Amino acid sequence: MKRSFHCMLVLFLLAVGALGAAEFSRENIAVRQLDNGLKVLLYEDHDIPNIAYYTFFRVGSRNERPGLTGVSHFIEHMMFNGSAAFGPGEFDRIMEFNGGANNAYTSEDLTAYTDWFPGNALEKMVQMEADRMRGLQFDPKVLESERGVIASERRLGDNDNDSLLEETVRATAIMAHPYHWGVIGWMSDILSWKRDEIAAYFRTYYAPNNAVIIVSGDFASERMMELIRKYYAGIPRGTPPPAVSTIEPPQIGPRRVQLRKAAQIPSFLAVYHVPAVTDPDFPALSLLETILLRGESSRLYRRLVSEAQLAINVSGGVGQTIDPFLFYIQAKPRPGTDLDLLEKTMEEELNKVITGGVTPLEMEKAINAARTHFYSPLQTIAGKADMLGEAELVYGGFENLFTLMDRFAAVTPAQVQEACRRYLNPDNKTVGTLVPDGGAR
Amino acid sequence: MKRCLLPFLLLVLFTGLGASGYLPEPQRFVLDNGMTVLLHLDSELPLVSFRLLIPGAGSAYEKADGLADLTAQLLLKGTRTRSANQVAEELDRLGVTMRCGSQEEFLEMSGSSLSENFSRLLALAADCLIGPAFTPEEFAKERQRRIDAIGEIKDEPSQAVRQYFRKFYFGSHPLGSLKSGTETSLQRMTVDEVRDFHRRNLRPERAILAVCGRIAPKELEKLLSTTIGRWPRSEKPLPETTLPPFPVVAGRTCLLIDKPDASQAYFILGAPGLPYGSASSPQAEVMNTLFGGRFTSWLNSELRIKRGLTYGARSSLQSWRQGGIFTVSSYTKNDKIGEMLAITFELLAKGRKQGFSVLEVESARNYILGQFPPSLESLGSKTRAYSDLLFYGLGFRYYDDLMAKVAQAQLPAVNASASALFPLENYVLVVVGKADDIRKQLEPFGRFAEKKIGAAGF
């Protein structure tokens, strides 16, 4: 009996080996730091012969100022347009030649460079990533061409009524903090950033002490660190970037804004100020988001879409940001819908939560949804790298990822009710509507 | 917990190690009602995904635009034993998303849940599939919601251009039937047509169910016998699934959609492509990667990287059982659309005349091979791959063969693929933009029919 158990155990271990990954847990994440301040998180996962190599910089639109709005996102684009040792476009050419692909994204809080490649491309990728952290060329001709690309990306939003309304409502709700403008930036800034300003911004925020590298996939940790030390150790530490000190003043009454333009159907968006992702109220707000907006049994979907049939769909939720941001409730109204009635009906539903609270069934639902959403990205090496990065930069430390579900499970129905009362109240609200030109209002 | 896990892991070991490289051979069995079940065990996370594919119930087999997809959506809007609210409540309670929709050749239902909730998810899916209520009230609501949503599509030119292109390219061919429906087709649709489509076209005999994740085979078998296994065969003959020949594209067929408030113009250019699993697919994949399938492609390099005309430009190969299309698409501000199209056609001409280089072909091969493994990494992507491969009759070693052939693709074959597929004289071109600003720029590319975006239909 014992022997056969032993046999089974060996097979069990072999099976785990065949699966190729140690459990995705705090203990299995290796943490390293170079002398220049560059932090590295490693998670070995040998399921597929690929590596997800993510570089996160602590810079996003919250670090910008008027005149330089959108510049964080612009630098994200320029990172592919020439560094010290690699000319414009070479990063992509060499990476693709070696079987790699990449993308990048910029948010309010961070900029991420996401590389996916087979193991044989590792050293070249580490070398190229380090080279562009060291410095960019900002070739004037290339810079102008890329400005055109960004302007085209900006126009994509201008041609999308919901994006246009979101930008306007955000700028109305947030007056002082840099979350006032969107990540893409204002068109006039896009068209007038100066090369020197862009280069100075890069030097401030792309220093190794302002970055975190996260690697997940098929590699050996010690070899990975050898390569990272070889290519990054010589990059000098930078002066720490200035803190974002502006605090949004409290809102003391409802605000409204309206757009009129050619459209087949109107748009509706209500936003409320909410605290940062690290605030103790955040898990309750996140569960409230599910109860109000996720799935066809959610309160607002059921009332606005299924029953009153005032909207085609509802969406939104709580922003997960370093500084206090907004809770969004977006409804796509049916053509001809009375937008006042839509808003009134939405308010009624929020009041029901404020006065009557939420049910145990709704809590079960929201926690189940949170768990599924938590596990789902962990199916891929890219998802693991991304979640670690978000947690490290926005949640105040990657360790917090592993206690997140516990924080959610500890939320009580009373806390969800209190969060709704405290934040989703009329004095904290900004409402925006887009009305088809020539419409009734 | 560990004890229950052990048998699964052993099975993974035995089935996983001896199988093909990219996609492990699944366990396969056929239910009494004819449905084929494919199971792949993967115990890394406490999750299970499924995808059910029902051949003959796609939009290519519907009488009017939007019928198949509306039927699919209404499956989730109430059954004989559950109201629409109860279905929604139960799905949300399990914390799952279950999707139901039509593709052209089949209807698909898919979902993913924590392992502990999978039995309830599958029971619910079976109830929706076998005993939908199709009440007149839910039908009317969903139909109206879809009519309204067409306005939303027309407000977004990037979405609208795809709909107009599909309709214009395929015309009255079944692949021209739009999943979204049109204002007119939806207005005319009745709940009886939905019921009839469900009865005739949603059938278990040819259906394929793929399940991947942490679930024991015995548990699944038991589960199937009380859920989807109870879906009865029908006495009626199965619907015909052979499609008419694909449209012949002769000359330049062009359409301009006037959207007076658009500040960018969006185009799609298309011509015949290849059927799913074609012997020419490996070299065509290499060709498409080089022309418009990746960031450094010819198209993206010229239009975005060198000239800054657009945020993105791409080409793609879309395939069905009997044929396919090759498309090129991008967008730019109104006053540049003529320049953008001229460059696009110059690149197509260059591709046909001079072709790619040996080095480029090597780079594309590496790229495809390097990027392929992550495409089968998630449970959802595996259920998709298993069910697709069985549907198209390609065998589970298909991806190994495909990648082996990609690895061997040589320059002459890749260039031959470009010559065969790049349209120069015979094409369909659809542009959405502000007609007054772009009409003149479009003259060199063909004679354009014109439509207002506000007019009914696509």
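Q: What is the bridge partner of Ile51(A) in S5(A)?
A: Phe117(A) is the partner of Ile51(A) in S5(A). Strands here are DSSP runs of E with at least two residues, helices are runs of H or I with at least four, and both are numbered from the N terminus.

Q: Before we go on, what kind of model is it, and how is it numbered?
A: It is a predicted model: local features need pLDDT of at least 70, side-chain atom pairs count only at pLDDT 80 or more, and totals for chains, interfaces and linings use all residues. Residues are numbered from 1 along each chain as its sequence is written, with chains lettered from A and ligands numbered from 1 in the order in which they are written.

Q: Back to S3(A) and S5(A). How many bridges join them, and do they run parallel or antiparallel?
A: Eight bridges, antiparallel. Two strands pair if DSSP finds at least two bridges between them.

Q: And how many join S3(A) to S6(A)?
A: Seven, again with the strands antiparallel. In S6(A), Val212(A) is the bridge partner of Phe56(A).

Q: How many residues of S3(A) are buried?
A: Eight of the eight, so S3(A) is largely enclosed by the rest of the structure. Buried means 20 or more other C-beta atoms within 10 Å of the residue's own; exposed means 12 or fewer, partly exposed is in between, and C-beta atoms are placed from the backbone.

Q: Which residues sit on which face of S3(A)?
A: Asn50(A), Ala52(A), Tyr54(A) and Phe56(A) are on one side. Ile51(A), Tyr53(A), Thr55(A) and Phe57(A) are on the other. In a regular strand the side chains alternate between the two faces of the sheet.

Q: New topic. How is chain A divided into domains?
A: Into domain 1 (20-232) and domain 2 (255-436). The bounds come from an automatic or database domain assignment. The C-alpha centres of the two domains of chain A lie 28 Å apart.

Q: How many residues make the contact between them?
A: 35 residues of domain 1 of chain A touch 30 residues of domain 2 of chain A. Contact means C-beta atoms, placed from the backbone, within 7 Å.

Q: Which element gives the most on the domain 1 side?
A: H6(A), with 10 residues. That side has 17 nonpolar, nine polar and nine charged residues. Ala, Val, Leu, Ile, Met, Phe, Trp, Tyr, Cys and Pro count as nonpolar, Asp, Glu, Lys and Arg as charged, and the others, Gly among them, as polar.

Q: What do the buried residues of H13(A) pack against?
A: H10 (282-293) and H15 (404-409) of chain A, together with H3 (84-93) of chain B. Those buried residues are Glu362(A), Lys365(A), Ala366(A), Asn368(A), Ala369(A) and Ala370(A).

Q: And what covers the buried residues of H13(B)?
A: The cover includes H3 and S5 of chain A, plus H10 (281-293), H15 (398-408) and H16 (411-421) of chain B. Among the buried residues of H13(B) are Val361(B), Arg365(B) and Tyr367(B).

Q: Now the sheet in chain B. What is the strand order?
A: S9-S10-S8-S11-S7-S12, an open sheet of six strands with mixed pairing.

Q: How many bridges join S8(B) to S11(B)?
A: Five, with the strands antiparallel. Gly270(B) has Val428(B) as its bridge partner in S11(B).

Q: Last one: is His40(B) buried or exposed?
A: Buried, because His40(B) has 25 C-beta neighbours inside 10 Å. His40(B) is in strand S2 (residues 36-41) of chain B. Leaving aside neighbours within four places in sequence, its contacts are Pro24(B), Pro26(B), Cys212(B), Lys382(B) and Tyr386(B).

Notes
Contact = placed C-beta atoms within 7 Å.
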